Amino acid sequence: MSLSIRKLTGRVGAVVEGVDLTAPPDPSTVTALRDALNEHKAIVFDDVDLDNAGQERVARWFGELTTAHPNVPAADGTTHVLAVDSETSKADEWHTDVTFVVNPPQLTTLRSIVTTPYGGETLVANAGAAYRDLPEPLRSLADSLRVVHTNQYDYARPDATTQQRQEYDRIFVATPYEAEHPVVRVHPLTGERGLFIGGFAKRIVGLSSSESADLLRIFQSYVTRPENILRWTWSPNQLLIFDNRITQHYGVDNYDDHPRRLNRVTVAGDTPVGADGRRSEQLVGDASHYSGAPAVAA
Ligand SMILES: [Fe+2]
């Protein structure tokens, strides 16, 4: 088998074929996959033969793993798997994973376990393309800003109707975390700049909450432009990997009450660096149990 990469859209996403994910990793394959992630931001493998341990093993090709989540326990019988399950949470908000810690995951892997008869797509947006789409005055402004991300946001959601969802929300916010990140992050491998905001970003440093909301809304409108989005329709036994340093994602809640289950494993990330060279800082909480000492290298 030879490795092939087929683009799914002009700006984001590619399907990878010809890689045996059950075999030991060979360095040239891992380099090719990393290159594909750097270019396409999200890659998909179809018809994978992986269980939870296999997903963890493939995720380790790219670095050390995080635990499942700073506050949410791992799925039963696992140490690193977070169950993304419609029973407990729908993730129907644009976000980058776990940005309320100082070193959010560099990669997220999602493996489809239970898929829906219609809908239930995962959207992945290229936040580097979004940054380049900004008019120059907005790009310069974004370069100069920092923003506080928190897990303490409004979880009185209208869809949190079931007891299981309310319980999940309670656990998600149980220990508060806040991290200050640059609004524009410089990718450690490519030097590419990308908007680093999403649903956990709440207060731009030095601005009021209403000014923050207005500015974030403008920046976010570039992330969510249709041209910058991959809309992935799931079948069972697929593996989606996206670069959590330069993307946002969204689970589309358009599948009525059908069950949907993805298993998530994340790879520990470095501490973001802004256009001015300044690093992120943890303001509230200590998530070292989640992702160890913040890595400097990629
Ligand atoms: Fe997510």
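This is a predicted model: local features need pLDDT of at least 70, side-chain atom pairs count only at pLDDT 80 or more; totals for chains, interfaces and linings use all residues.
View 1. The iron ion has as its protein donors His95 through NE2, Asp97 through OD and His249 through NE2, which lie 2.1 Å from it. Along the chain these donors follow the spacing H-x1-D-x151-H. Because His95 belongs to the loop between strand S4 (82-85) and strand S5 (107-114), whereas His249 belongs to strand S14 (residues 247-251), the pair ties together parts that are 154 residues apart in sequence. Both His95 and His249 are buried.

**View 2. The packing of helix H4 on helix H6.** Helix H4 (residues 136-143) packs with helix H6 (residues 209-223) at an angle of about 115°, the two axes being 12 Å apart, and the crossing of H4 and H6 is left-handed. On the H4 side the contact is made by Leu138, Leu141 and Ala142, which meet Leu215, Ile218, Phe219 and Tyr222 in H6. By class, this contact of H4 with H6 consists of seven nonpolar residues, with no polar and no charged ones.

View 3. Four strands, in the order S11-S7-S8-S16, form an open sheet with antiparallel pairing; strand S11 (201-204) and strand S16 (281-284) are its edge strands, each pairing on one side only. Direction ignored, neighbouring strands of this sheet are turned by 35° against each other on average. Strand S8 (residues 178-182) pairs with S16 in the antiparallel sense over three bridges, and Glu180 stands opposite Glu281 in S16. Helix H6 packs on the sheet, where H6 touches strand S7 (146-150) and S11, and the direction of H6 makes about 120° with that of S11.

How values were computed
Residues are numbered from 1 along each chain as its sequence is written. Side-chain values use heavy atoms; hydrogens and water are left out. Axes are lines fitted to C-alpha atoms, for helices over the stretch in contact, and angles run from 0 to 180 degrees between N-to-C directions. Helices (H or I, at least four residues) and strands (E, at least two) are DSSP runs, numbered from the N terminus. A crossing is left-handed if the near helix is turned anticlockwise from the far one by less than a right angle, and right-handed if clockwise. Contact means heavy atoms within 4.5 Å. Ala, Val, Leu, Ile, Met, Phe, Trp, Tyr, Cys and Pro count as nonpolar, Asp, Glu, Lys and Arg as charged, and the others, Gly among them, as polar. Donors are N, O and S atoms within 2.8 Å of the metal (3.2 Å for Na, K and Ca); water is not among the atoms, so sites may look incomplete. Buried means under 20% relative accessible area, exposed over 50%, partly exposed in between (1.4 Å probe, protein chains only). Two strands pair if DSSP finds at least two bridges between them.
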